[in-house]
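Subject: Structure for your review

Dear colleague,

Please find below the structure that I am handing over to you. My notes on what was found in it follow directly after.

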Amino acid sequence: MLSSKNCTGCDLKGADLAGLDLSGINLTAANLAGANLRGAKLNNTILTDANLAQADLRDADLGCATVNFNLKADQETAKVNLTVDPASQAAITQRDHILDFNFDADGQGATMSFNFGGCANLEGANLAGAILPDGTAYDK
């Protein structure tokens, strides 16, 4: 079913999906409780209402790419400096559309943040006890 990119309601409880490319697969309402998704690629994966309780998502790629730009202005010389977060530079070349834009300014400059999309859709997903990509446990 994973090859068809549609696994709506699939029972993948405890499945070992570590390191697999699950990009773009529809896993709406799938049971992934206790599944090993460590290092899996989940960009554009639809996990709406999926059960990810106790799932291992360590090092999983959720597909989100955010780029931060910092503008700093010198009031005395009117010079403006632009810097790009080094961790974001690869993301600029990997994405071709912008889904979100944030802008924050103060008297010294501005920070802009672009989200280039591709994030897994986790709306309504049960993440109780799941281990998140950064290694922390979801405890809400």
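R58 forms a salt bridge with D56, and their closest N and O atoms are 2.7 Å apart. A salt bridge here is a side-chain nitrogen of Lys or Arg within 4 Å of a carboxyl oxygen of Asp or Glu. Side chains of opposite charge can pair when their charged atoms come close. A search of the whole structure finds 1 such salt bridge. Buried means under 20% relative accessible area, exposed means over 50%, and partly exposed lies in between (1.4 Å probe, protein chains only).

Before you read on, please note that this is a predicted model, in which local features need a pLDDT of at least 70 and side-chain atom pairs count only at pLDDT 80 or more, while totals for chains, interfaces and linings use all residues. Residues are numbered from 1 along each chain as its sequence is written, and side-chain values use heavy atoms, with hydrogens and water left out.

The pLDDT is the predictor's confidence in each residue, from 0 to 100. The chain averages a pLDDT of 76, and 60% of the residues score at least 70. Over residues 86-99 the pLDDT is below 50, and this stretch has 21 contacts in the model beyond near neighbours in sequence. A contact means heavy atoms within 4.5 Å. Among the elements of the chain, helix α1 (residues 89-94) has the lowest mean pLDDT, 41, and β1 has the highest, 60.

Overall organisation

The chain contains 1 helix and 4 strands, and along the sequence they follow the pattern β-β-α-β-β. Helices (H or I, at least four residues) and strands (E, at least two) are DSSP runs, numbered from the N terminus. Of the 140 residues in the chain, 33% are buried. Among contacts with a separation of 6 or more, 36% are between residues 24 or more positions apart. The chain exposes about 8,100 Å², of which carbon and sulfur atoms supply 50%; accessible areas come from the Shrake-Rupley method with a 1.4 Å probe, and for residues only the protein chains shown count as cover.

The nonpolar core

Which residues have the most contacts inside the largest nonpolar core? They are L12, L27, L32, L37 and L52, in a core of 24 residues. A nonpolar core is a set of buried Ala, Val, Leu, Ile, Met, Phe, Trp, Tyr and Cys residues joined through side-chain atoms within 4.5 Å. Not counting residues up to four places away in sequence, L37 touches L17, A18, L22, L52, D56, L57, R58 and A60.

Leaving aside neighbours within four places in sequence, A18 is in contact with N36, L37 and R38. A18 and A60 are 42 residues apart in sequence and 8.6 Å apart in space, C-alpha to C-alpha.

Other residues before β1

T48 is in the segment before β1 (66-73). T48 is buried, with a relative accessible area of 17%. Its contacts beyond four places in sequence are L27, T28, A29, N121 and E123.

K41 lies in the segment before β1 as well, and K41 is partly exposed at 44%. Leaving aside neighbours within four places, K41 is in contact with L20, D21, L22, S23 and D61.

The disulfide

How many disulfides does a search of the whole structure find? It finds 1, formed by C7 and C10, whose sulfur atoms are 1.7 Å apart. A disulfide is a pair of cysteine sulfur atoms within 2.5 Å. The link is left-handed, with -115° about the S-S bond. C7 is buried at 3% relative accessibility, and C10 is buried at 8%.

Backbone angles

Most residues other than glycine have a negative phi, and most peptide bonds are trans. K5 has a positive phi, near 70°, and K5 is partly exposed at 41%. Q54 also has a positive phi, near 65°, and Q54 is exposed at 54%.

Yours sincerely
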